[in-house]
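Please read these points with the sequence and the model open beside them. They go through a few local features one at a time.

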Amino acid sequence: MASQVENGKSFEYACAKMLMEMCQARGVRIHATESPSWFTAKGCYDNLDEVTREKYDEAARVALEYIFNCEPNLNDQDDPKPLWVSIQSDDKGTKGDVRDVIASRRATGALEDSWAVGISCKHNHDALKHPRINFQPPAKDIFESSWAPSYKVDPAYINACHEAARLCESGIAEDKAWRHFFSPEELHAHIYKPINDGLMKSIDQYKNDPVFVQEFFKYCLGLEDFYKVMMHEAKGFTKVTVFNFLKTLGKPSKNIKKGRFKLAPLKIPQQIISVALQKDSTFHVNFDEGWAFSFRLHSADTTMKYSGLKYDVRLLGVPLDSHNLIFPW
């Protein structure tokens, strides 16, 4: 049975493959940008059985039909600049670009794109990202390293990390499994909750600083506009969510002025309304403009490591005027 990572890579390739086929069917010139990420995703897809590949293709197709109706550039067969399709490497996500599949217009030989659209591909989950934390002393400032580079965490977060390192030191040295070293109650009470308390305090102190709020929000959701496409295999539908903050989605092409569907721009929040612990492992952050995120801390590896914890970041609330669509297949 394929792992969640392999299934996710397979769906990335299905989206890229179907995008190319649908462009070709419309007479649009399109090329693949082959890379290690492309071949990794293709290898995972090729390892699926034929029935499953067809299911992934259909899940991608129904979402892409909607995206094609929004994006004139995907339909413009008379634009002399060809389309290029690529699959991004995972390290892009750690830097804030959550897009997996990119379609772009670029003249032959040119170094820069004249237009691009991105898709974040999800298989059976809608998590935005999974940032790891490293609590090995001296613990890194999670804000300064990536979350909000202009800001620093509260000392309570660093102290919690160092205490976690002290409690875990012998288990890490002996390569113990988390579940053999701590009971679930101990792990939640002595590791997860103090780290969450420190991080919550760090976020709360800047809740009225619009610059921090924007930096933090963009890190969580992504630095670029994109379509999030989530395949729910068991229930047989694909969910499409549109994130259009910078007004780069639905732009006119050289020969087509507008798409079938108009995409209203969304507002980036300016304030954090509340930061609240839900349980030892999980806290919620509520912003203005209707946005809300969940942060769940959990072990990322079976064996204990200083970098063995990560957050599952999910979107809990979106503005009323956002585009969320369900397409059965």
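1. Cysteine 161 is buried, at 0% relative accessibility. The classes used here are buried for under 20% relative accessible area, exposed for over 50%, and partly exposed in between, with a 1.4 Å probe and protein chains only. Cysteine 168 is likewise buried, with a relative accessible area of 0%.

2. This is a predicted model, in which local features need pLDDT of at least 70 and side-chain atom pairs count only at pLDDT 80 or more, whereas totals for chains, interfaces and linings use all residues. Residues are numbered from 1 along each chain as its sequence is written, and side-chain values use heavy atoms, with hydrogens and water left out.

3. How many disulfides are there? A disulfide is a covalent bond between the sulfur atoms of two cysteines. The rule applied is a pair of cysteine sulfur atoms within 2.5 Å, and by this rule the count is zero.

4. Serine 170 belongs to helix α6, which covers residues 155-173. Helices (H or I, at least four residues) and strands (E, at least two) are DSSP runs, numbered from the N terminus. With 36% relative accessibility, serine 170 is partly exposed. Its C-alpha lies 9.8 Å from that of methionine 304, although 134 residues separate serine 170 and methionine 304 in sequence.

5. Two residues deserve a look for their backbone angle phi. Most residues other than glycine have a negative phi, and most peptide bonds are trans. Aspartate 175 is not a glycine, yet has a positive phi of about 60 degrees. Aspartate 175 sits in the loop between α6 and α7 (178-181) and is exposed, at 52% relative accessible area. Glutamate 289 also has a positive phi, near 70 degrees. The loop that holds glutamate 289 runs between β9 (282-287) and β10 (292-299), and this residue is partly exposed, at 36% relative accessibility.

6. Which peptide bond is cis, with omega near -10 degrees? It is the bond from proline 137 to proline 138. Proline 138 is placed in the loop between β5 (132-133) and α5 (142-147).

7. What lines the largest cavity? A cavity is a set of points, on a 1 Å grid over the protein atoms alone, where a 1.4 Å probe fits but cannot get out; lining residues have an atom within 4 Å of a point. Grid points are joined across faces, edges and corners, and a volume is the space filled by probe spheres set on the points. The structure has one cavity of 30 Å³ or more, and the largest cavity holds about 70 Å³ of space. Its lining includes Phe217, Lys218, Leu221, Glu224 and Ile268. By class there are six nonpolar, one polar and three charged residues in this lining. Here Ala, Val, Leu, Ile, Met, Phe, Trp, Tyr, Cys and Pro count as nonpolar, Asp, Glu, Lys and Arg as charged, and the others, Gly among them, as polar.

8. The whole structure contains 31 aromatic pairs. Rings of Phe, Tyr and Trp (its six-membered ring) pair if their centres lie within 6.5 Å.

9. Leucine 309, in strand β11 (residues 309-317), is buried at 0% relative accessible area; its C-alpha is 25 Å from that of glutamine 214, 95 residues apart along the chain. Arginine 26 lies in the loop between α1 (4-25) and β1 (30-32) and is partly exposed, at 27% relative accessibility. Arginine 26 and aspartate 76 are 50 residues apart in sequence, with 8.5 Å between their C-alpha atoms. Lysine 251 is in the loop between β7 (237-243) and β8 (272-279), and its 40% relative accessibility makes it partly exposed. From lysine 251 to leucine 277, 26 residues apart along the chain, the C-alpha separation is 40 Å.

Note on methods: Phe/Tyr/Trp six-rings, centres within 6.5 Å; stacked < 30°, edge-to-face > 60°. 1 Å grid on protein atoms, 1.4 Å probe; cavity = no way out; pocket = protein on both sides within 12 Å on 5 of 7 lines; lining within 4 Å.
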